[in-house]
Amino acid sequence: GDGTTTAVVLAGELLSKAEELIDQDVHPTVIIDGYKKASAEALQILDSLAITVDPTDTKTLRQIASTSMGTKAVATSKDYLATLATSAVTQVVDNSSGKTKADIERIKVLKKHGEGIEQTELVKGIVLDKEIAHSDMPKRVEKARIALLNTKLEIEKTEFDAKITIESPDQMKMFLGEEETMMRKMVEKIAESKANVVLSEKGIDDVVLHFLAKRGILAVKNLSSGDMEKLGRATGGKVVASLKDLSAESLGEAKLVEEVKIGDDKLLYIRECKDPKAVTIVIRGGSEHVIEEAERSLHDGLCVVRNVVEDGKIVAGGGSVEAELAKQLRDFAVKVGGREQLAVQCYAEAVESIPVTLAQNA
């Protein structure tokens, strides 16, 4: 997530200090042992300096996310994006295992050209980069009951080679009629479950689409397995692998499913799900560069909020913690003694390079 520059600067400093020690004939294993002791001590010092944060305190979480975006290209919209990041992470928090977990894989990020960054929105549900599968289907369904299918809605080809000999037009008609009847039954099974939206990971035959459209059922086909998993979490529905398993209990729910045209593209919005454990952020921006920057910044913000929600601790920024660490590690070095003392001192200097670099840049 955030803090990549800090990590790189720190690693570089630790290496260059180690090189100086090797030039003074300090053995690499001694340097490693010194660094390990300094690192363990540093973590304890950090723990003692940390401020506890309540994971439900959205005001503080917003400030933290905003801080992480303050140095990015989107700094002018940082408060707006920070609010979105905080809402998204707090929505997908999971306390079921007794520990607070916030999996940001459950936050889908979609990028679409046009509008400004301020038009970026958080959807309490999933947005699919797909069109509705048939032109006669409704473009908007309120109080959606959603069937999530991982099965083909088409006539299965047999596994083995088989030939059917048809000798008269009547037999041909019967054969085609039988196929149509099978497809009709599929649609009836879906209608019986009271579903009015069908989202399928596999293909759907054109005839089935025609029958679904006649019944006023909206359908989307060929979704990715990742999207299907998120849809299950967002709508509370179960992904069924066979139409036999489809029932009213396995359906997901959403207040509104609608197709929205953005530029030349059409997106399917599944909005206001009951208690979504997966959400979507649709990033807007005037150019490719702006959108890419916004996505990177948003990812940092999401990671920071996730870390705070999971760890429940923060420390002050601006290099102040590093300065305090360096001070306390120098005192600690004296206690370590021996040649390892040199390594601990070098570790302290490396940590101090962060406020030093900030001061130079300022």
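Which backbone oxygen does the side chain of Ser68 reach? In this predicted model, the side chain of Ser68 reaches the backbone oxygen of Ala65, at 2.8 Å. Ser68 belongs to helix α3, which covers residues 58-69. Its relative accessibility is 5%, so Ser68 counts as buried, the cut-off for buried being under 20%. Beyond its neighbours within four places in sequence, Ser68 is in contact with Asp2, Asp300, Gly301 and Val304.

**Nonpolar residues**

In soluble globular proteins, nonpolar side chains tend to be buried together. Here the largest nonpolar core has 44 residues, and those with the most contacts inside it are Ile190, Leu199 and Ile270. Strand β7 (residues 140-149) gives the most to this core, with 6 residues. Apart from this core lies another, of 31 residues, including Leu84, Ala85, Ala88 and Leu302. If residues up to four places away in sequence are not counted, Ile270 touches Val123, Ile126, Leu128, Ile146 and Leu199, among others.

Met172 counts as partly exposed because its relative accessibility is 37%.

**Salt bridges**

Side chains of opposite charge can pair when their charged atoms come close. The structure holds 17 salt bridges.

| Glu310 | Lys101 | 3.9 Å |

The bridge between Glu310 and Lys101 links distant parts of the chain: Glu310 is in helix α8 (residues 288-311) and Lys101 in strand β3 (residues 101-102), 209 residues apart. Glu310 is partly exposed at 30% relative accessibility, and Lys101 is partly exposed at 45%.

Glu292 is in helix α8 and Lys111 in strand β4 (residues 107-113), 181 residues apart. Glu292 has a relative accessible area of 27% and is partly exposed.

Asp265 is partly exposed, with a relative accessible area of 33%, whereas Lys112 counts as buried at 8% relative accessibility. Elsewhere, salt bridges that share partners join Glu121, Arg140, Glu142, Glu258 and Arg271 into one network.

How values were computed
Residues are numbered from 1 along each chain as its sequence is written. This is a predicted model: local features need pLDDT of at least 70, side-chain atom pairs count only at pLDDT 80 or more; totals for chains, interfaces and linings use all residues. Side-chain values use heavy atoms; hydrogens and water are left out. Buried means under 20% relative accessible area, exposed over 50%, partly exposed in between (1.4 Å probe, protein chains only). Helices (H or I, at least four residues) and strands (E, at least two) are DSSP runs, numbered from the N terminus. A polar contact is a pair of N or O atoms within 3.5 Å; within protein, one must be able to donate a hydrogen and the other to accept it, and residues adjacent in sequence count only if both atoms are side-chain atoms. Contact means heavy atoms within 4.5 Å. A nonpolar core is a set of buried Ala, Val, Leu, Ile, Met, Phe, Trp, Tyr and Cys residues joined through side-chain atoms within 4.5 Å. A salt bridge is a side-chain nitrogen of Lys or Arg within 4 Å of a carboxyl oxygen of Asp or Glu.
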